[in-house]
Amino acid sequence: MRFFISLTLILTFSVLNAQDQLIAKAFNNPDHTSITQYFDANLEIVTADANGMYSKQQATQIMKSFFAANPPSNYTQKHKGGSASRSYFEIGELVCGERKFRTYLLYNLVQEKPQIIELRIEIED
């Protein structure tokens, strides 16, 4: 039984680590489609210019505008966590030129790929 629990924990952490790398790579890419490919069909977006529930298509346009105004130069994960129900969160710092943003993502794993259901990008003071 201990072996099964240990194996489950190892596999869970391996999958989480792979998802972290996907998200970091997507945020470090100035092409908005790198992150929007992981959007769920509907998701909550909060930025300086948007606040609400949007379809994937609407959210993609919001991120296209955001990255056009704020080309990313670096993304660093600060915190992460999850639950047995396969819902996970990640808090990070997104640097865009001279500006820094705090990011918050809530996502589910669907077929071992993140599906973002909430994305917040807020200016850090």
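Biologist: How do the residues of the lining of the largest pocket divide into nonpolar, polar and charged?
Modeller: Seven residues of that lining are nonpolar, three are polar and three are charged. Please keep in mind that this is a predicted model.

Biologist: What volume does the largest pocket have?
Modeller: Its volume is about 170 Å³. The lining consists of 13 residues, and those closest to the centre of the pocket are Thr47, Ala48, Asp49, Phe66 and Asn70.

Biologist: Which element supplies the largest share of the lining?
Modeller: That element is α3, with four residues. At least two lining residues come from each of α3 (56–69), β5 (99–110) and β6 (113–123).

Biologist: Let us step back to the whole chain. How many helices and strands are there?
Modeller: The chain has three helices and six strands. Along the sequence they follow the pattern α-α-β-β-α-β-β-β-β.

Biologist: And what percentage of the residues is buried?
Modeller: Of the 125 residues in the chain, 38% are buried. As for contacts between residues at least 6 apart in sequence, 42% of them join residues at least 24 apart.

Biologist: In what order do the strands form the sheet?
Modeller: The order is β2-β1-β6-β5-β4-β3, in an open sheet of six strands with mixed pairing. The edges are taken by β2 (51–55) and β3, each of which has a single partner strand, so one side of each has no neighbour in the sheet. From one strand to the next, the twist averages 20 degrees.

Biologist: What holds paired strands together in general?
Modeller: Strands of a sheet pair through backbone hydrogen bonds, and the pairing is either parallel or antiparallel.

Biologist: Parallel or antiparallel, then: how do β1 and β6 pair?
Modeller: The pairing of β1 and β6 is parallel, over four bridges. Within it, phenylalanine 39 is opposite isoleucine 116 in β6.

Biologist: And β5 with β6, parallel or antiparallel?
Modeller: β5 and β6 are antiparallel, and ten bridges pair them. Tyrosine 104 stands opposite arginine 120 in β6.

Biologist: How many bridges join β3 to β4?
Modeller: Eight bridges join these two strands, which run antiparallel. Asparagine 74 is opposite valine 95 in β4.

Biologist: Which strands does α3 lie across?
Modeller: α3 lies across β1 (39–46), β2, β4, β5 and β6, and it runs at about 50 degrees to β1. This is the helix that supplies four residues to the lining of the largest pocket.

Biologist: Now the turns. How many residues stand between β5 and β6 in their hairpin?
Modeller: There are two residues between the strands, and glutamine 111 in the turn has a positive phi of about 50 degrees.

Biologist: Why does glutamine 111 count as exposed?
Modeller: Glutamine 111 counts as exposed because its relative accessibility is 75%, and the cut-off for exposed is over 50%. Glutamate 112, at 40%, counts as partly exposed.

Biologist: Which residue takes a positive phi in the hairpin of β3 and β4?
Modeller: Arginine 86 does, with a phi near 70 degrees, and four residues stand between the strands of this hairpin. Serine 83 lies in the loop between β3 (74–82) and β4 (87–96).

Biologist: Is serine 83 buried, partly exposed or exposed; which one?
Modeller: Serine 83 is partly exposed, since its relative accessible area is 35%.

Biologist: What separates the C-alpha atoms of serine 83 and asparagine 108?
Modeller: These C-alpha atoms are 10.0 Å apart, while the two residues are 25 residues apart along the chain.

Key. Residues numbered from 1 in each chain as written. Predicted model: local features only at pLDDT ≥ 70, side-chain atom pairs only at ≥ 80, totals over all residues. Heavy atoms only, no water. 1 Å grid on protein atoms, 1.4 Å probe; cavity = no way out; pocket = protein on both sides within 12 Å on 5 of 7 lines; lining within 4 Å. Points joined across faces, edges and corners; volume = space filled by probe spheres on them. Nonpolar A, V, L, I, M, F, W, Y, C, P; charged D, E, K, R; others polar. Buried < 20%, exposed > 50% of the residue type's maximum accessible area, 1.4 Å probe, protein only. Pairing = 2+ DSSP bridges. Axes fitted to C-alpha atoms, helices over the stretch in contact; angles between N-to-C directions. Contact = heavy atoms within 4.5 Å.
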